[in-house]
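Morning, everyone. I have one structure to show you today. Please look at the screen, and we'll go through it together.

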Amino acid sequence: MILKPDTIINKHIGHIITKIEENGFKIVGLKLIRMSRKDAEKFYEVHKERPFYNDLCNYMSSGPVIVGVLEAENAVQKWRDLIGATDPKEAKEGTIRKLYATNKEANAVHGSDSVENAKKEISYFFSERELSSD
Ligand code: CMP
């Protein structure tokens, strides 16, 4: 997962970490980083043909973000359910994006869309020694 720049600016880090803990995820990796424009381009490479790609890369490298690794049964789907739809206007009541997102781009958090992509994204940001799942 990533807590995006709007979460840091709006001081929602604590609220979202509380949600993560209350919903039974184990945090096995967590750190604050500043993505370069190149980091963001590579991270969102799958979206490079989309009209929002350029703005999204600018946005994600505009300030610090918090990257994290969450462990749970069926974690990818469980996290997607908790964060809600990409556009906060369409997100269900009580979801993180409904509660804390600003708009479709500055939507508070990122979640991997599959287990395969989660593995790639984890290795993009974390080394073995930064993860503790025991
Ligand atoms: P995320 O879960 O990080 O995955 C891709 C991101 O692209 C998404 O959240 C949004 O921040 C952004 N995004 C997706 N669709 C749009 C859109 N139509 N306009 C702007 N940003 C978008």
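First, a term we need: a polar contact is a pair of N or O atoms within 3.5 Å. Keep that cut-off in mind. Also, please remember that this is a predicted model.

Let's begin at the ligand. Which residues surround the ligand? They are Lys-4, Tyr-44, His-47, Phe-52, Leu-56, Thr-86, Arg-97, Lys-104, Glu-105, Asn-107 and His-110.

Take Tyr-44. A polar atom of its side chain sits 2.6 Å from a ligand oxygen. Next, Lys-4. Here a side-chain N or O atom is 2.8 Å from an oxygen of the ligand. Then Arg-97. Its side chain has an N or O atom 3.1 Å from a ligand oxygen. On its own, the ligand has 460 Å² of accessible area, and the protein covers 79% of that. And where does the ligand sit? It takes up the space of the largest pocket.

Let's move on to Lys-26. Find strand β2, residues 26–33; Lys-26 belongs to that strand. Is Lys-26 buried, exposed or in between? Its relative accessible area is 33%, so Lys-26 counts as partly exposed. The reasoning is simple: buried means under 20%, exposed means over 50%, and partly exposed is in between.

One last distance. Glu-93 is 67 residues from Lys-26 along the chain, and their C-alpha atoms are 23 Å apart.

That's my part. Thank you.

Terms used. Residues numbered from 1 in each chain as written. Predicted model: local features only at pLDDT ≥ 70, side-chain atom pairs only at ≥ 80, totals over all residues. Heavy atoms only, no water. Helix = DSSP H or I, 4+ residues; strand = E, 2+ residues; numbered from the N terminus. Buried < 20%, exposed > 50% of the residue type's maximum accessible area, 1.4 Å probe, protein only. Near = heavy atom within 4 Å. Polar contact = N/O pair within 3.5 Å; in protein donor to acceptor, adjacent residues only side chain to side chain. Areas by Shrake-Rupley, 256 points an atom, 1.4 Å probe, with all protein chains shown as cover. 1 Å grid on protein atoms, 1.4 Å probe; cavity = no way out; pocket = protein on both sides within 12 Å on 5 of 7 lines; lining within 4 Å. Sits in = over half its atoms within 2 Å of the grid points.
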